[in-house]
Amino acid sequence: MPLGQFRRGTYRNSSPFSVPYIRHQNGNGKKVIQVTSGKDVKLICHIRTTGQTPKPGYYWLKDNQTLIPSDHQRMRLKPYRYLKIKRAKKEDSGFYTCVGVNDCGKNPYALQLLVRDAPIFTVPQYKMRRNLLALPVGNSVKLDCSADGNPRPTVEWYKDRKLFKERKGGRKLYLSQWTTLLSLKDLVPSDTGSYMCIVSNSYGWINHTYELDVHAEPQLRQSSPSRVVKPVGQDEVKLICDVKNAQNYTWYKFDRKIHLPSLRYFVKAPSYLQITDVVKSDSGTFVCVASNDYGRVNCTVRLIVEDPASSSTNVSGAKKPQFLYPDRMAMINSQYTRGDKFQLICDAIGTPVPTVTWYKGKYIYLGHGSDETITPERYDYVITFNKVDIMDRGNYTCVVKNAYGHLTHSYVFDVQEKIESPLLYLHIWKQEESIQYAGTDLQLHCVALSKDNKTKLRWYFSNSTSNPSTLINRTLFESHQKTTSNGDGSWLIFHDLNLKHISVADSGSYSCKAENVVGNVERQTYLNVTTSRIAPSQPAPFGCDLNRSMCSSMPYKIDEFSSTNEHGSTFSPDKDHSFYYIGNEDEFEYDAFIIFSSQDSDWVTKTLIPILEEKHHFKCCVHYRDFVLGVPFRENMVNSVYKSRKTIAVVSINFFNSNYCGSEMDYALHRLMERRDDSLVVIKLDDVDRGKLPKELRKRSYIDYQKNVEKDHWERKLVNCLKYPNDLFKETIL
């Protein structure tokens, strides 16, 4: 019978002309073996060797990868019999294949191993040990019971031994059987309790308990007015001190503790002190101290007990009103920021006790909207603004009077929006030991980034270190301030100072100071004016652009450098030109600041940066590596533009979809227009429409990287551009 007519199962037991026979094999199906984690398991693969010459070969696969048991400490191989795995783990789960091989072919036998695992916590032990949590009201907490197991374990949460379904007060809570991380936000005292998680699957369960204590500092809810006037003989008077979350109340009179209860003094409810059968000796200053383990609150009340028989005609020692603290009243500020806390005072004495009436403008003051304050009463000599608002600004007048006279005092204050800092950023074109030749013109620039659009920039000048700086008179110099919005609540303020036909007397220190209601920041530069000129044969340490706008460091001699301008005439520095230089290339920290979309970062980080930094040794600034931590993004952007000799814009479709790229381009354009230094280089990475470029760049050359003709030349062009000083050419031709 031909070999091809042998039927599997009929002849393979007795004939050597068949693939290896594996006992217990049932067709092509996979056998599933389940074992609990930590137990030993045998994967049986009994290959028949009787009558086989030579003996068949065999090998094992796991998940279609060759398995070498000797490489695994927990695996043991019994040839032609089984593969033993000791102390099985979850990672041992998978598809195992035993393959018998001889000259007739291969016979695979597949088994699936499932290692079942009881749940175990995956939370670090140091976190699990911190199970006693004390947090103030308003904070948030996350209780972590993350666990692993096979099959995936489920979780149940309990609070104080009851299934946790909702928080008090109707606050929403989203829990499912898979919620291993319990997040509680805006904690309140009712969240205090014992939280237990039970994590389980069909092979076991584990649990863990967190003790949460939510504490709150005492908060004053209601108190008596600062002065309470009662007649002698009144049945009772209540001094209110209602404090939320207070555990202890202590009352003092004239700094001496009142031992309660006493004959006529009682604490009720315990939010107030009750005094019965009021007598004149009860007058005095009472202080209530309400406290708990986390803080304390004081309530101060001045009780005045008057004899109703006294009148303006028979008062002994009558006195007209007098202010107690006139000096303090005169020193109260007139400028405040939204949210400030302060007091207006009109404390006065007199006999009989004077009353006070508060006015705002022409009308009786009825309380302010920034605090829950009722209309001031006739003995409220102080009004408190806990969180002053814009609507509280105005003219406040107190009128203090008794039968023998009256006094008035007025306060006028303004409230500004809150500004966190005097300035986010201030930059003046750096010009250390700069030289300018007499008779020429010069422009100094100052730019500030601020949250306050009313920030003022002022220029100061001093020609000696011994003379204080004086404010530059606007009538003497042409200067102007311009403010533009960034669209994110911040403002860019520019102030240019134009110096005309300067002389040696103009040498000195020029300072630009930014000022607003919060404070001021100042930057300084120095200008040196001379009447001498550089001889044509001398090496010129600085080169100039064709418009005589600015000079910068370059390794050429002036008599060697000449160029042809746009009209075809030759420009020579040694003929009929006055020269100056205001700074040099050493002022820059970076050779280039690269702006690009994060979606184009692959080309920038793998192609552009290695070529510039590793191959040509330029120092580049990129946002993800060189931005200063803790500094606002926009301040980092402006810093990077002005600290870099060139700015390389990698423009693309993605570039114009990025707000950050747009802001960086705006700052680079502002420097380009102000300094006219050709500091901006454009690389067009894809087929983005050229019309999307700012109009200032559309007539300038750029690198079109996507064109095949540019592939062999773009690197040379870019490197040459970075090697030249900024002002060597009027326009950068790539």
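The model is predicted, with local features requiring pLDDT of at least 70 and side-chain atom pairs counted only at pLDDT 80 or more, while totals for chains, interfaces and linings use all residues. Residues are numbered from 1 along each chain as its sequence is written, and side-chain values use heavy atoms, with hydrogens and water left out.

The structure contains 18 aromatic pairs, a pair being rings of Phe, Tyr and Trp (its six-membered ring) with centres within 6.5 Å, classed as stacked for planes under 30 degrees apart, edge-to-face over 60 and tilted for the rest. Phe385 and Tyr396 form an edge-to-face pair, at 5.7 Å centre to centre and with 85° between the planes. This pair links distant parts of the chain, 11 residues apart, with Phe385 in strand S32 (residues 382-385) and Tyr396 in strand S33 (residues 394-402); helices (H or I, at least four residues) and strands (E, at least two) are DSSP runs numbered from the N terminus. Phe385 is likewise buried, with a relative accessible area of 0%. The rings of Phe633 and Tyr660 form a tilted pair, because their planes lie at 55°, with the centres 5.3 Å apart. Phe633 belongs to helix H5 (residues 633-643) and Tyr660 to helix H6 (residues 659-675), so this pair ties together parts 27 residues apart in sequence. One aromatic cluster is formed by Tyr336, Phe342, Tyr365, Phe385, Tyr396 and Phe413.

Helix H3 (residues 601-615) packs against helix H8 (residues 714-723) at an angle of about 55°, and their axes are 12 Å apart. H3 and H8 are therefore oblique to each other (angles under 35 degrees count as roughly parallel, over 145 as roughly antiparallel, 65 to 115 as roughly perpendicular and the rest as oblique). In H3, Trp603, Thr607, Leu608, Ile611, Leu612 and Lys615 meet Trp714, Glu715, Leu718 and Leu722 of H8, contact being defined by heavy atoms within 4.5 Å.

Leu492 is found in strand S41 (residues 491-499) and is buried, with a relative accessible area of 8%. The C-alpha atoms of Leu492 and Ala448 are separated by 5.7 Å, although these residues are 44 residues apart along the chain. Residues up to four places away in sequence not being counted, Leu492 touches Val447, Ala448, Leu449, Lys482, Thr483, Thr484, Asn486 and Tyr667.

Note on methods. Axes are lines fitted to C-alpha atoms, for helices over the stretch in contact, and angles run from 0 to 180 degrees between N-to-C directions. Buried means under 20% relative accessible area, exposed over 50%, partly exposed in between (1.4 Å probe, protein chains only).
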